[in-house]
Amino acid sequence: MNNDAVDSEKRWYYSDGKNRLGSFSKEQIVLFIKEGKISYGTQVWCRGQGDWCNAEHSELRSYLEAIAPPPLSGDKVNNSVVWIIAFAPIIGTFLEALTAYFLYGDTYRAEKAIANNKFWYITLILNIALCFWDEQRLKKAGHNTDHFKGWVWLIPVYLFQRAKILKQNYAYFIVWMICFALIVFA
């Protein structure tokens, strides 16, 4: 029996981030790669492989590379937006104050509105908008951000997941937490 016959008999599994899906033939898996169901970062497994691994660390790498180049490594991804997110709680509070002073024109009423958190949603919108923007930039860098869906609005979870996926340190996550604590407890 030649190697091609053995390969075609292998049964493959992949994870959609929530469930283990399979078993599939190698031909079906290659079709899923072409359709975009499986990409860099997707966990795959087949008998004889050992533990689950990212598709790009399996024998499927050549099929992935035929479709698209690998994503930029974490040290090559531009982190300018994520650092703005890290300081967004403070930036948002400043924008809230600016809005209050602009709308009321009266220092006393503006300070009262700020003290009562009347414009809290400005900081929230800023954080979420920046996370969506950053997610789009990660997609352009070739990263699969499907597992971020639903977490972009929960900023610290997004920042933690981002650092983990890109194999970066958690500095921007920690800075965001400190800035948030400063705003809440100040």
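Modeller: The account below takes the pockets in turn and then a pair of helices. The model is a predicted one.

The largest pocket holds about 1000 Å³ of space. Its lining is made up of 34 residues, and the closest to the centre are Gly-41, Thr-42, Asn-54, His-147 and Ile-165. Strand E1 (12-15) and helix H8 (155-166) each contribute at least two residues to this lining, and H8 gives the most, with four. By class, the lining of the largest pocket comprises 16 polar, nine nonpolar and nine charged residues.

The second largest pocket has a volume of about 450 Å³. Among its 17 lining residues, Glu-96, Thr-123, Phe-180, Ile-183 and Val-184 lie nearest the centre. Two or more residues come from each of helix H5 (88-104), helix H7 (120-140), H8 and helix H9 (171-185). In this second lining, twelve residues are nonpolar, four are polar and one is charged.

H7 and H8 also meet each other directly. Their axes come within 11 Å and cross at roughly 20 degrees; because angles under 35 degrees count as roughly parallel, the two helices are described as roughly parallel to each other. The crossing of H7 and H8 is left-handed. On the H7 side, the contact involves Asn-127, Ile-128, Cys-131, Asp-134, Glu-135 and Leu-138, which meet Ile-155, Tyr-158, Arg-162 and Leu-166 of H8. By class, this contact has six nonpolar, one polar and three charged residues.

Definitions and conventions:
Residues numbered from 1 in each chain as written. Predicted model: local features only at pLDDT ≥ 70, side-chain atom pairs only at ≥ 80, totals over all residues. Heavy atoms only, no water. 1 Å grid on protein atoms, 1.4 Å probe; cavity = no way out; pocket = protein on both sides within 12 Å on 5 of 7 lines; lining within 4 Å. Points joined across faces, edges and corners; volume = space filled by probe spheres on them. Nonpolar A, V, L, I, M, F, W, Y, C, P; charged D, E, K, R; others polar. Axes fitted to C-alpha atoms, helices over the stretch in contact; angles between N-to-C directions. Parallel < 35°, antiparallel > 145°, perpendicular 65-115°, else oblique. Left-handed = near helix turned anticlockwise from the far one by under 90°. Contact = heavy atoms within 4.5 Å.
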